[in-house]
Amino acid sequence: MHLQKILVVGASIIGCISILTFLVCKILQENIPNVLALKDREFSFDYIIVGAGTAGSTLASLLTKHSNGSVLLIEAGGSFGYLSRIPLLTTFQQKGINDWSFLSASQRHSSKGLIEQRQCLPRGKGLGGSANLNFMLHFDGHGPDFDSWHKLHNLSDWSWDHMRPFMMAAKPKSADLFEIPRSYSTLTEALDEAESEFGYKPWTFRRSVYNIKNGLRHSVFHQFLQPVLKSVNLRLLPQALVKQIKLSSKPTLAASSVLVGIKDENNKELELSIRVRRELILCAGAYQTPQLLLASGIGDRTKLTQMQLPVQHHLPLVGHGLHDHLNVPLFVSMGIVGPTLNQRTILSPVNLYNYLSTGTGSFGNIGVCGHVAGHDESLPFGITFFGAGAIDESALMSISNFKRAAFRALFPRYHNATQEGFVAISSCLQPSSRGSVSLLHKNMRRNPLIDPNYLSEQQDVACTIGAIRNAVKLITSSAFAKLLPRIHWPKLQECANFGPFERDFLQNHPSDQYLECLMRHIGLSSHHPGGTCALGSVVDSQLRLHGIPNVRVVDASVLPRPISGNPNTVIVAIAMRAASWILKDELRESISNSI
């Protein structure tokens, strides 16, 4: 009874802090400096950046610091506010005002355990973009990814040798990162011991590294954009949607202006045109950059004509080549105290005290403890260990779109708020399946049609089966034995002909048919989209649109293949490289004009 009172007091304190920080958040949202004043509607800027996400924030910072030109950063959202900085509250931002809350098209080959077979696809809306909405995981990059661009896509300027210095520059200082220590929990200790046990395998083990500083999210907004917000050559236009790019053909084809829509307090839209003097840089992300190009009449001529959109420039592969990782979660209960995320851990007064005093404890990260990757396997795989024993049904169903039956099959102990355990998340690092982004409507205020087309290639099925079986090897290893783990193979009615049977719970080796059925029902997006304006097919080696040299695409759209891990730091590095080209072009122009 005494413990219950303590938990109630702890919960009350958390509630009060949440209310206070929410009020602070609302105040701070109105306090964005250097907002463009809309008095005369006659504007022109040297550089216009569309989207203040990972790439846009990085570019705006570097161009503001090092260019002699004027910079305008246009963002459809506003400020995220303080609550976004508390790591454990990350998932509560999804479906909120700072999330575009996209849904995929109904999937043909996957997502059968989801409502209408549609995936939830969160994207950040506000200064910092998805870097203020994601799980904050840092990844140093994998050299062969970039070498494959060079070899398979004939991109001579995109090898690891070209990208390594930018990846090093993109990595935050050690003080701005938080690495999960070995002693964090019995799960992290087991992972550390497993690295020795599986030393004969060409696998990479690493504990999670977060973009967290002193217990708070430290995203590209805090690292890059915030320090330059008051610079004289930077202007911001928040709560503004770029609706169209206008091209001029004289003397050569180029972006001349953008049409921007801003809604007032009465929801009436004001439109203004802003001229581009040097470059237009699209950083709206893998879904909305192609949407904006297509809505502007830049894309496949036949499809644009079918949409009754005036064709400004024929560029047939805009919106094609969408790739993403598909995650297959597997719940594992533990017979000992982790501690892992559950109601007992979160509401512990000690946990709350640790976070408020030192920024540590459960509130100081999102619960992802470590990763194992088989980069050198014929079908490269990744396994992520999420230290959560109790999965809240209403919260996860809301952000995942699970049908109730599928959720309860996946997490059969959903009702036990003090359950200890973890989720092993298996994925294929280099999936072959490709989807697309296209238009449902001409209006940019309507969502695009996003079809990831998960598991359309059988090779991805084989790769994911291999990943799951390797996860099982780890969970059933000597290193994990002290956790007393039990794998809960989901009992899905639609998969009942293939398993799980009683022997599957004893041997932990269900059939390939069962595992394929499983992934086609409960696989979830990793939210790592890319490829829709890919290098080579849509942009050149310096990220300029083919045929429109003063328009660059700088975001995950340009990735010709998936990143073998979390892509955020890679996007920062690509933005840094783009900034170097833009500044060199400006310097050459300046020298030429002075002669």
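Helices (H or I, at least four residues) and strands (E, at least two) are DSSP runs that are numbered from the N terminus. Just after helix 3, Asn154 adopts a positive phi of about 55 degrees. The model described here is a predicted one, in which local features need pLDDT of at least 70 and side-chain atom pairs count only at pLDDT 80 or more, while totals for chains, interfaces and linings use all residues. Residues are numbered from 1 along each chain as its sequence is written, and side-chain values use heavy atoms, with hydrogens and water left out.

**Helix 3 and Asp145**

Helix 3 spans residues 143-152 and contains Asp145. Asp145 is buried yet lacks a salt bridge, and the nearest side chain of opposite charge, that of Arg561, is 6.8 Å away. A salt bridge here is a side-chain nitrogen of Lys or Arg within 4 Å of a carboxyl oxygen of Asp or Glu; as to charge, Lys and Arg count as positive and Asp and Glu as negative, whereas His and the chain ends are not counted. With neighbours within four places in sequence set aside, Asp145 is in contact (heavy atoms within 4.5 Å) with Gln430, Pro562, Ile563 and Ser564.

**Disulfides and other cysteines**

With a disulfide taken as a pair of cysteine sulfur atoms within 2.5 Å, a search of the whole structure finds two. Counting bonded cysteines along the chain, the disulfides follow the pattern 1-2, 3-4.

| Disulfide | S-S distance |
|---|---|
| Cys428 and Cys463 | 2.4 Å |
| Cys495 and Cys517 | 2.0 Å |

The torsion about the S-S bond of Cys428 and Cys463 is about 100 degrees, so this disulfide is right-handed. The pair links distant parts of the chain, 35 residues apart, with Cys428 in strand 20 (residues 421-428) and Cys463 in helix 13 (residues 458-475). Both Cys428 and Cys463 are buried.

For Cys495 and Cys517 the torsion about the S-S bond is about -85 degrees, and the disulfide is therefore left-handed. Cys495 lies in the loop between strand 23 (486-487) and helix 15 (502-507), while Cys517 belongs to helix 16 (residues 512-522), so the pair ties together parts that are 22 residues apart in sequence. Cys495 counts as buried at 0% relative accessibility, as does Cys517 at 10%.

Cys283 is in no disulfide, and the nearest cysteine sulfur, that of Cys533, is 12 Å away. Cys283 is buried, with a relative accessible area of 7%, and Cys120 also counts as buried, at 3% relative accessibility.

**Helix 16**

Helix 16, which holds Cys517, is mostly covered, since eight of its 11 residues are buried. These are Tyr514, Leu515, Cys517, Leu518, Met519, Arg520, His521 and Ile522. They pack against strand 17 (326-333), helix 12 (404-410), helix 13 and strand 24 (524-525).

**A nonpolar surface patch**

Leu587, Ile591 and Ile595 make a nonpolar surface patch of about 360 Å². Patches are made of residues with over 30% relative accessible area and no salt bridge, like charges being joined within 9 Å and nonpolar side chains (Val, Leu, Ile, Met, Phe, Trp, Tyr) within 5 Å; accessible areas come from the Shrake-Rupley method with a 1.4 Å probe, and for residues only the protein chains shown count as cover. Ile591 lies in helix 17 (residues 568-594) and counts as partly exposed at 46% relative accessibility.

Technical notes:
Buried < 20%, exposed > 50% of the residue type's maximum accessible area, 1.4 Å probe, protein only.
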